[in-house]
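I opened this model to get my bearings and kept notes as I went. Here is what I looked up, entry by entry.

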Amino acid sequence: MSKNTLPSRSEDFNAWYNTLVVRADLADYGPARGTMIVKPYGWTLWENMQQALDKRFKATGHLNAGFPMFIPKSFIDRETSHVEGFSPELAVVTIGGGKQLEEPLIVRPTSETIIGHTYSKWIKSYRDLPLLINLWNSVVRWELRTKLFLRTLEFWWQEGHTAHATYDEAEQETLQMLEVYRDFARNEAAIDPFFGRKSDSEKFPGADVTYSIEAMMGDKKALQAGTSHNLGQNFAKAFDIQYLDKKNEMQYCWTTSWGLSTRFIGAMIMTHGDDYGLILPPRLAPFQVIIIPIYRDADQKASVLESVDNLNRLLIDNDIRVKIDDREELTPGHKFHYWELRGVPLRIEVGPKDVVNKSVVVARRDIVGKLGKQVVSTDSVVKSVSNLLVEIQEALLKRATNFRDSNTHEPDDYKHFQEIVSEGFALAWWCGDASCEIAIKNETKATSRCIPVSSSEGNKGTCIYCDKDAIEKAYFAKAY
RNA sequence: CGGGGUGUAGCGCAGUUGGUAGCGCACCGCGUUUGGGACGCGGGGGUCCGCGGUUCGAGUCCGCGCACCCCGACCA
């Protein structure tokens with residue numbers, strides 16, 4: 001029993017996470033510092049996320065495209081705050097084919113600049129708008145401190161880039177995609193994030209406004225899990241993205257960008273996982289059901305495997321992602337732990353007794369042990385499994401949301417605020433002044449996460465730090 | 001870049017006063033097992049992070065590097 005156990009989640013969350021990511025076959029360390037190898041099991045999870053997101057992007061009128069990973073270095077210099085934000089973390093290529101390049105190339109840290117360059121060529125008329133494109137790619141940012149999925153030198157993501165005729169359209173797009181992320185998080189990943197506008201110091205370099213979804217992890221720290229930016233006309237002006245309007249007058253476009261990355265996998269791990277390992281939401285899990293055959297002798301083996309095959313086919317026919325673990329060298333008990341570590345939502349045990357009784361044992365990953373087990377007749381197994389997958393999905397969302405809410409509080413005063421953010425989220429009146437934000441960070445390590453839309457509900461208050469008038473509330477928390 | 005820690009088999013570790021490298025898990029073979037991490041027997045696998053020094057002899061002592069991890073700084 002005491003073999004191969006994970007570090008305790010409650011005692012050492014960090015060690016738990018690092019060990020789990022590797023042991024559950026999601027990812028591994030690459031040979032270069034700070035790089036990540038996403039293993040097939042982790043990549044399948046990412047593919048399922050991609051499908052769920054891509055469906056939503058298509059439904060809102062976007063098309064995918066592929067853009068170069070090499071960008072002329074001069075591009076990054078065109079937008080003032082963009083260059084200031086990204087210069088420290090650029091990977092720069094100076095040699096190609098053995099020769100010094102005339103102009104260095106940067107490995108894309110994000111594609112706003114090359115998109116800007118391209119859109120200025122593509123967009124001539126109001127009839128070309130809106131232009132709605134998404135990219136699935138990887139980007140490189142030379143981070144000092146790395147952690148698998150949460151912050152690596154290279155990571156995989158999608159970046160949407162749109163151009164519009166008016167500010168209102170751009171703002172509407174920005175908020176629409178924020179809502180897409182929120183909906184994805186809630187309904188696919190069973191994570192209900194807070195969402196809102198970023199403070200000036202936390203926003204994307206080059207954006208007028210950044211919105212984000214912010215999720216609470218199992219250690220009560222915040223994770224920015226997706227961002228959507230209204231870029232105003234900053235990139236349009238830097239890259240000359242102009243169109244002729246109906247009155248034959250030149251106008252600058254209004255652009256947006258929005259991204260969600262493999263970091264979100266970290267969010268799922270840290271939201272749902274427990275001491276036994278991952279707990280994956282059924283809608284995204286690479287395998288929704290793992291079937292474990294159990295038998296003693298050759299006769300039993302034959303009948304059990306036949307029964308398992310039938311069950312497997314039945315589930316596949318009903319679009320359930322299922323896998324049989326028929327490895328002969330491992331005992332059933334070992335396989336139970338193996339797949340619990342990997343977070344498969346449902347386990348079906350099929351043994352000699354089940355064959356005789358025309359039944360199977362179904363065990364829930366989110367309720368480990370006998371409490372989560374039930375005997376289901378073969379006739380109704382598809383219905384039971386389908387229902388249970390929905391139930392688990394709902395239970396995970398409910399559990400995570402309860403945890404979030406029971407660790408989020410509105411402070412009465414600054415002392416109270418300090419207590420709250422030492423172990424959770426605070427929703428507090430804030431004057432909007434960066435100096436208060438900085439002081440709070442220095443004194444508590446908590447940063448402003450986002451300012452929920454209509455946070456004030458028309459009321460006014462006083463800043464939790466400086467007592468000056470405040471018209472908005474912001475979430476504050478220690479963050480990844 | 002500062003503080004701390006660790007480098008010995010795939011992973012986790014032990015290695016005594018310096019004497020020529022071992023344990024558990026994993027892996028391979030055979031057999032018995034299989035409803036919550038099976039067992040027996042046999043087997044394979046090592047530039048002991050690197051370089052230099054001390055010594056008859058270095059995993060061990062000394063010096064200099066390097067890498068990784070943790071905590072800071074930094075981080076759409």
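Which helix or strand gives the most to the surface near RNA strand B? I looked it up, and H10 does, with seven residues. "Near" here is for a residue with a heavy atom within 4 Å of the molecule or strand.

**Ground rules.** I noted that this is a predicted model, where local features need pLDDT of at least 70, side-chain atom pairs count only at pLDDT 80 or more, and totals for chains, interfaces and linings use all residues. Residues are numbered from 1 along each chain as its sequence is written, chains are lettered from A and ligands numbered from 1 in the order in which they are written, and side-chain values use heavy atoms, with hydrogens and water left out. Helices (DSSP runs of H or I, at least four residues) and strands (DSSP runs of E, at least two) are numbered from the N terminus.

**RNA surroundings.** I found 43 residues around RNA strand B, and the closest are Arg33, Arg141, Arg145, Phe204 and Thr331. The elements that each supply at least two residues of this surface include helix H1 (13-23), strand S8 (154-164), helix H10 (332-341) and strand S17 (346-350). Sorted by class, the surface has 16 nonpolar, eleven polar and 16 charged residues. Nonpolar covers Ala, Val, Leu, Ile, Met, Phe, Trp, Tyr, Cys and Pro, charged covers Asp, Glu, Lys and Arg, and the others, Gly among them, are polar.

**What the RNA shows the protein.** Of the RNA strand B atoms within 4 Å of the protein, 45% belong to sugar or phosphate, and the rest to bases. I then went through some individual atom pairs. Glu349 has a polar side-chain atom 3.3 Å from a base nitrogen of RNA strand B. For Lys373, too, I found a polar side-chain atom 3.3 Å from a base nitrogen of RNA strand B. Tyr295 uses its backbone: an N or O atom there lies 3.3 Å from a sugar or linking oxygen of RNA strand B.

**Five-strand sheet.** Next I traced an open sheet with mixed pairing, in the order S16-S15-S17-S18-S19. Strands pair if DSSP finds at least two bridges between them. Strand S16 (322-324) and strand S19 (373-377) are the edges, each pairing on one side only. Neighbouring strands in this sheet are turned by 25° against each other on average, direction ignored. S15 (residues 289-293) runs parallel to S17, with five bridges between them. Glu349 in S17 turned up again here, opposite Ile292.

H10 lies across S15, S16 and S17 and runs at about 170° to S15. Helix H9 (residues 298-317) also runs at about 170° to S15, and lies across S15, S16, S17 and strand S18 (359-364). Contact means heavy atoms within 4.5 Å. Axes are lines fitted to C-alpha atoms, for helices over the stretch in contact, and angles run from 0 to 180 degrees between N-to-C directions.

**Seven-strand sheet.** The other open sheet I followed is also mixed, in the order S3-S7-S8-S14-S11-S10-S9. Strand S3 (63-65) and strand S9 (194-197) are at the edges with a single partner strand each, so one side of each has no neighbour in the sheet. S10 and S11 are antiparallel over eight bridges, and Val209 stands opposite Asn230 in S11. H8 packs on this sheet, touching S10, S11 and strand S14 (254-261), and its direction makes about 145° with that of S11.

**H2 against H8.** How do the axes of H2 and H8 cross? Helix H2 (residues 40-59) and helix H8 (residues 263-272) have axes that come within 10 Å and cross at roughly 105°. That makes the two helices roughly perpendicular (65 to 115 degrees). Gly42, Leu45, Trp46 and Met49 in H2 meet Phe264, Ile265 and Met268 in H8. By class, this contact has six nonpolar, one polar and no charged residues.

Most residues other than glycine have a negative phi, and most peptide bonds are trans. Leu129 and Pro130 are joined by a cis peptide bond, with omega about -5°. Pro130 sits in the loop between helix H5 (112-122) and strand S7 (131-140). Lys220 is not a glycine, yet has a positive phi of about 70°. I found Lys220 in the loop between strand S10 (209-216) and S11.

Key: Polar contact = N/O pair within 3.5 Å; in protein donor to acceptor, adjacent residues only side chain to side chain. Parallel < 35°, antiparallel > 145°, perpendicular 65-115°, else oblique.
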